[in-house]
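Subject: Structure handover

Hi,

Here is the structure I promised to pass on. My notes on the contact and on one of the chains follow below it.

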Amino acid sequence: MATLAMTTLDPQSRAARRGWSDLTIRNAFIIPTIVFLIVFNIFPLLYSLGYSFTDFRASTNAPANFVGLANYRALLNDPFIWSNFAITAKYVIVSVTGQVVVGFGVAMLLNRTIPFKGLITTLLLLPMMLSMAVVGLFWKLLYDPSFGIINYALGLGRFEWLSDPDMALYAVAITDIWMWSPFVMLLSLAGLSAVPKHLYEAAAIDRAGTFYTFFRITLPLVAPILMIAIIFRTMEAFKTFDLAFILTSQPNAELISIRLYKMAFQEWQTGMSSALAYIMLIMVVGITNIYVKYLNKVKER
Amino acid sequence: MAAVKTSSEVALNRMAVVAVLVITIIFLAPIYWITATAFKPRNLATTIPPTVVFEPEISPFVKLFLRRSQLREQPTAEEYAEAPWWERLVFDGGEKIVRDGQGNVQLSGYPSRFMNSLIVAISSTVLAVGMGTLTAYGFSRFKVAGEQDWLFFILSTRMLPPVVVAIPMFLMYRWFGLNDTHLGLIILYTAFNLSFSVWLMKGFIDEIPKEYEEAALVDGYTRMEAFFKIVLPEAATGIAATAVFCFLIAWNEYAFALIMTRRDAQTAPPFIPSQVGSGLPDWTVIAAGTFLFLIPVAIFTFLLRNHLLRGMSFGAIRK
């Protein structure tokens, strides 16, 4: 009784100093973030959607004229833009395939009893923590035809990695594979460690071969998480800008985002480049959707 | 499987160990090579066959920080003797240090770009993690109508290719006079990292039992006190991990920095490559700049190694 009386009379009691209500706190915590993201993500998108229907050039003060779908029509009829998309597709396929093969392969090796496994895994993660621009820069040194360490190590003489039109894109892809295989490895390791050990034991009792075990047990169980790695890497590879931009200026290695950058910030075709940005955006959303559908299918199995 | 070890299995395992070692060496070789180049005298940086054994020098770092020009005439013996050690290093490299009218040493662009990188990365990290933590708490503890949709909206802001957003952002920034300012980049990187920070922090806060706060409320704490005194300390490791991720992303960003900055607020990622230029670049100096830029990343990678998986696969693994 005494304590109860004390509490109700105490000015420091809970009722007297409840402070903000839960509702106020919730709104104060959430609304700024939502507003911030709308202002800096959604608003710019709508803004550039508007510009994509005009002939606006940010380099002049001339007012923007409405041109309807002319930008989109011009872009979709431009064979050069399509070649940029084709280059990008080639790049995505080469680099993502490379990353999956290398990353998953290393994960399979690391899934055995390897001494210093933790240290080795951490060291292998280092490339993906670096800046793509800076990585591009030091690979330029490694690829140098006259004094690069790569040509020396492989005995290639004066092989032109970055200025050979047919090789440049693969050179960029090799660097990308070096940088991002560790990401695939990291996710694969997580997937592999989640495969129940008793399945392997059962397979061993049944005298199942290595191939059978791999294709019937390991791969299906790792597939969902591997698929996630592929989705992430495909989206990122499609967006690649820094690495290719710094490594080479070969037209055969001009990815769509480099084309977009040049169109917007070197040729100052703001309206036209906004339209290209939208075409790219629709493609990213489309690709992501296809993948997510496939992912759900893999998960159901 | 491990019960019976046949000799072929032992051999297989030994091969795997060797393969892992070889792969690790191949993966680390480029980073080692840039580090080695940063400590070489200029004439050994571009030799064939490559110089592997050399006496490490710090002259690339001295040159990195000071503005230099080509030596037109050799310094006299007296000048050379009077010059401090770092100036002699530059003389030896065939260059001299640029001084202003009062004889003050002029710094190169690198220190200020490095500072810009620090200012922008740290500020945007503090903002993104601060706002992200509050928002994550809001979503974790209170009822929000359409919570899943809001969370998906927050995540979706990260799916856009940066170059796509860059065009309207550039126009908006020009309108507000935010181009080439620290504030402009800080806002951009905060927007960039916020979604990531909300999702990561929500995972961490969800794992703190609600009972902790309820007990605190019963003890007479207000909600805010409970949040600051109970939840935040419990979430400290999560906050640290999220902060490091946000820092790395802001620290490494290139495309926006290239488009939105010219001189005053330019960060190191667009600056270092611009120093290659045409002609004969001094690769030792560029390597030194790169090496310094990589140090924070390397340190954080080691501090963060146990949180990496979670951060990298955020949202995807959780479901």
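Start with the salt bridge: B:Arg223 pairs with A:Asp22, and the closest N and O atoms sit 3.2 Å apart. The count of salt bridges between chain B and chain A is one. Keep in mind that this is a predicted model.

Polar contacts between chain B and chain A come to ten residue pairs, both residues at pLDDT 80 or more. On chain B, the largest share of the side touching chain A comes from helix H1 (residues 7-38), with 17 residues. That side of chain B splits by class into 71 nonpolar, 15 polar and seven charged residues.

Now the extent of the contact. Chain B puts in 93 residues and chain A 92 residues. Together, chain B and chain A bury about 8,500 Å². Carbon and sulfur atoms account for 82% of that area.

Next, chain A by itself. Its secondary structure is 13 helices and zero strands. How spread out is the chain? The radius of gyration of chain A is 27 Å, whereas the globule rule gives 19 Å for 301 residues, so chain A is more spread out than a compact globule. The C-alpha trace of chain A spans about 95 × 75 × 40 Å along its principal axes.

Of its 301 residues, 50% are buried. Take the contacts in chain A between residues at least 6 apart in sequence: 68% of them join residues at least 24 apart.

Best wishes

Notes. Residues are numbered from 1 along each chain as its sequence is written. Chains are lettered from A and ligands numbered from 1 in the order in which they are written. This is a predicted model: local features need pLDDT of at least 70, side-chain atom pairs count only at pLDDT 80 or more; totals for chains, interfaces and linings use all residues. Side-chain values use heavy atoms; hydrogens and water are left out. Contact means heavy atoms within 4.5 Å. Buried area is the accessible area (1.4 Å probe) that two parts lose on being put together, summed over both. A salt bridge is a side-chain nitrogen of Lys or Arg within 4 Å of a carboxyl oxygen of Asp or Glu. A polar contact is a pair of N or O atoms within 3.5 Å; within protein, one must be able to donate a hydrogen and the other to accept it, and residues adjacent in sequence count only if both atoms are side-chain atoms. Helices (H or I, at least four residues) and strands (E, at least two) are DSSP runs, numbered from the N terminus. Ala, Val, Leu, Ile, Met, Phe, Trp, Tyr, Cys and Pro count as nonpolar, Asp, Glu, Lys and Arg as charged, and the others, Gly among them, as polar. The radius of gyration is taken over C-alpha atoms; the globule rule is 2.2 Å times the number of residues to the power 0.38. Buried means under 20% relative accessible area, exposed over 50%, partly exposed in between (1.4 Å probe, protein chains only).
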